[in-house]
Amino acid sequence: MIMDKLYRNALDKSPVCVGLDTRYGYLPQYLKDGDMSLEDKLLEFNTRIIDATADIAGCFKVQIACYEALGLAGLRAFARTVAYARGKGAVVISDVKRGDISSTAAEYAQGHFTGDFETDIMTVNAYMGEDAVSPYYPYLERGKGLFVLVKTSNASSVDFQDKRTEAGALYEEVASAVSRWGAPYIGESGYSAIGAVVGCTYPEQFDVIRKLMPNTFFLIPGYGAQGGTGKDIAQFFRHGICGVVNSSRGIITAHKGKAEGADFAEHARAAVVRMKEDIAAWL
């Protein structure tokens, strides 16, 4: 099961998730000035970062919006990036946040768990209910995984996710439901193939969420550029590592102002090392 592998990677390598949210402006100058196609420039940037960090990163997360914004060249780069990372044995999370009715969700599941965009784990939005998630279940039995949005890292998540109901906050109800849906898919690690997204910008809510989701592995965004720190992560990991922590801009733009040549990926690696050490210092 893929979540078992991700858990092992978090222990053996680090809980750092490298976010390949690649925008054209992030490329070093030597790539911008080169005569490669846009697709190849994006791929060159991503593969160099993957090569530089694969031995110390628990996984990679590829945000599809960054590639969709660049048209067909971007989507081809997305597909090739995911395939390259998976080909090196890395766990890849496709951050696509799909959330639609069952018939459409089934197409999204096929589109990202098979074919040109095949990935290991997808992010999905359950706020339309279980039939926005259930079409993915057959793929979990074949080794794939999900991260379902529960408590997101953005400031306005409070607008709806914190609304009180008779059972508590709305995000608590979603957490309970996701835990229930994941119960049939628990692997050897004790974690389900259905994980949850919980932002590290809300560490005070995590104790409640963790109790509601004892067999859930977490994708934790919000570190670095969004304000999260290793001290915040300590609240999540005080009983042991139970998730991976994503950083995107803080890693893939670490070369800016320092290196605009082919050695840019060394700065991405150094950023991963610093992040790993920052998290470890608080455990």
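Residues are numbered from 1 along each chain as its sequence is written, and side-chain values use heavy atoms, with hydrogens and water left out. In this predicted model, local features need pLDDT of at least 70 and side-chain atom pairs count only at pLDDT 80 or more, while totals for chains, interfaces and linings use all residues.

**View 1. Helix α3 (residues 38-53) packs with helix α5 (residues 71-87).** Helices (H or I, at least four residues) are DSSP runs, as are strands (E, at least two), numbered from the N terminus. The angle between α3 and α5 is about 25°, and their axes lie 9 Å apart. Axes are lines fitted to C-alpha atoms, for helices over the stretch in contact, and angles run from 0 to 180 degrees between N-to-C directions. α3 and α5 are therefore roughly parallel to each other; angles under 35 degrees count as roughly parallel, over 145 as roughly antiparallel, 65 to 115 as roughly perpendicular and the rest as oblique. On the α3 side the contact (heavy atoms within 4.5 Å) includes L38, L42, N46 and I50, and on the α5 side it includes A73, R76, R80 and Y84. By class, this contact of α3 with α5 has 8 nonpolar, 4 polar and 5 charged residues. Here Ala, Val, Leu, Ile, Met, Phe, Trp, Tyr, Cys and Pro count as nonpolar, Asp, Glu, Lys and Arg as charged, and the others, Gly among them, as polar.

**View 2. α3 also packs with helix α13 (residues 264-281).** The angle is about 45°, with the axes of α3 and α13 9 Å apart, and the two helices are therefore oblique to each other. F45, R48, I49, A52 and T53 in α3 meet F264, A265, A268, R269 and V272 in α13. These residues divide into 7 nonpolar, 1 polar and 2 charged.

**View 3. The second largest pocket has residues of α10 (206-212) and α11 (230-237) in its lining.** A pocket is an open set of points on a 1 Å grid over the protein atoms alone, where a 1.4 Å probe fits, with protein on both sides within 12 Å along at least five of seven lines; lining residues have an atom within 4 Å of a point. Among the lining residues are Y191, F206, R210, Q235, H239 and C242. The largest share of the lining, 4 residues, comes from α10. By class, the lining has 5 nonpolar, 3 polar and 4 charged residues.
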